[in-house]
Amino acid sequence: MKRFVSIFIFLIICVQGYSQQLVTWEQLSTVEWYTKFVKSLGDYYDLPHFSFEIQELQGKEIQISGFYIPIATEGNVFALSSQPSSMCFFCGGTGPESVIEVSVKKEGNKFKHIRTDKFIKMKGILNLNKIDPDHLIYILKDAELMEVIK
């Protein structure tokens with residue numbers, strides 16, 4: 001019986017280690033901002049300081065739901081926003097922490113057929129961008145569509 005319990009506990013730990021973690025926009029909003037001169041870029045920039053909770057997600061597979069906002073014609077890169085496009089930070093409704101840059105796996109352009117502002121669920125590897133001004137502060141790599149919700 002002890003052996004069975006030990007194996008059961010081991011399997012639960014293994015499954016939790018490989019499953020995606022559900023992340024909310026509320027968690028992502030815990031970022032704070034500071035201004036710093038970036039020598040390599042030759043100017044002052046507002047840079048993110050990620051909470052410990054967010055730093056723990058770096059490089060891990062996560063799940064998140066949001067509104068689809070196309071930003072590239074190929075469909076391989078798009079934005080996932082906590083708000084519809086009319087309210088996202090590009091329009092002044094919220095901050096950069098309310099949008100994730102999504103880079104999909106190479107196998108599909110199924111996103112070309114998703115309309116702007118559809119609510120979708122994604123999974124992928126979360127990367128935190130602390131300094132590159134050409135990308136958003138949150139990047140979801142090797143992303144896969146899990147569900148079109150509405």
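The structure holds 1 salt bridge, a term used here for a side-chain nitrogen of Lys or Arg within 4 Å of a carboxyl oxygen of Asp or Glu. It joins Lys105 to Glu144, with the closest N and O atoms 3.1 Å apart. Please keep in mind that this is a predicted model, in which local features need pLDDT of at least 70, side-chain atom pairs count only at pLDDT 80 or more, and totals for chains, interfaces and linings use all residues. Residues are numbered from 1 along each chain as its sequence is written, and side-chain values use heavy atoms, with hydrogens and water left out.

**The salt bridge**
- Side chains of opposite charge can pair when their charged atoms come close.
- Lys105 sits in the loop between β6 (99-104) and β7, while Glu144 belongs to strand β8 (residues 138-148), so the pair links distant parts of the chain, 39 residues apart. Helices (H or I, at least four residues) and strands (E, at least two) are DSSP runs, numbered from the N terminus.
- Lys105 is partly exposed at 31% relative accessibility, and Glu144 is partly exposed at 25%. Buried means under 20% relative accessible area, exposed over 50%, and partly exposed in between (1.4 Å probe, protein chains only).

**Aromatic pairs**
- There are 4 aromatic pairs in the whole structure. Rings of Phe, Tyr and Trp (its six-membered ring) pair if their centres lie within 6.5 Å; planes under 30 degrees apart count as stacked, over 60 as edge-to-face and the rest as tilted.
- Phe37 and Tyr44 have ring centres 5.2 Å apart and planes at 65 degrees, so they form an edge-to-face pair. Phe37 is partly exposed at 40%, whereas Tyr44 is exposed at 57%.
- Phe67 and Phe119 are also edge-to-face, because their planes stand at 65 degrees, with the centres 5.0 Å apart. This pair links distant parts of the chain, with Phe67 in strand β4 (residues 61-70) and Phe119 in strand β7 (residues 119-128), 52 residues apart.
- Phe67 is buried at 14% relative accessibility, and Phe119 is partly exposed at 21%.

**Nonpolar core**
- The largest nonpolar core has 24 residues, and those with the most contacts inside it are Leu28, Ile64, Ile100, Val102, Met122 and Tyr138. Such a core is a set of buried Ala, Val, Leu, Ile, Met, Phe, Trp, Tyr and Cys residues joined through side-chain atoms within 4.5 Å.
- Two or more residues of this core come from each of α2, β4, β5 (77-81), β6, β7 and β8. The largest share, 4 residues, is from β7.
- Beyond its neighbours within four places in sequence, Ile100 is in contact (heavy atoms within 4.5 Å) with residues including Trp25, Leu28, Ile64, Phe78 and Tyr138.

**Thr24**
- Thr24 lies in the loop between β1 (21-22) and α2 (25-28), and is partly exposed at 38%.
- Its C-alpha atom is 7.9 Å from that of Ser65, 41 residues apart along the chain.

**Positive phi**
- Most residues other than glycine have a negative phi, and most peptide bonds are trans.
- Asp117 has a positive phi of about 75 degrees although it is not a glycine. You will find Asp117 in the loop between β6 and β7, partly exposed at 27%.
- Asp142 also has a positive phi, near 50 degrees. Asp142 is located in strand β8 and is partly exposed at 48%.
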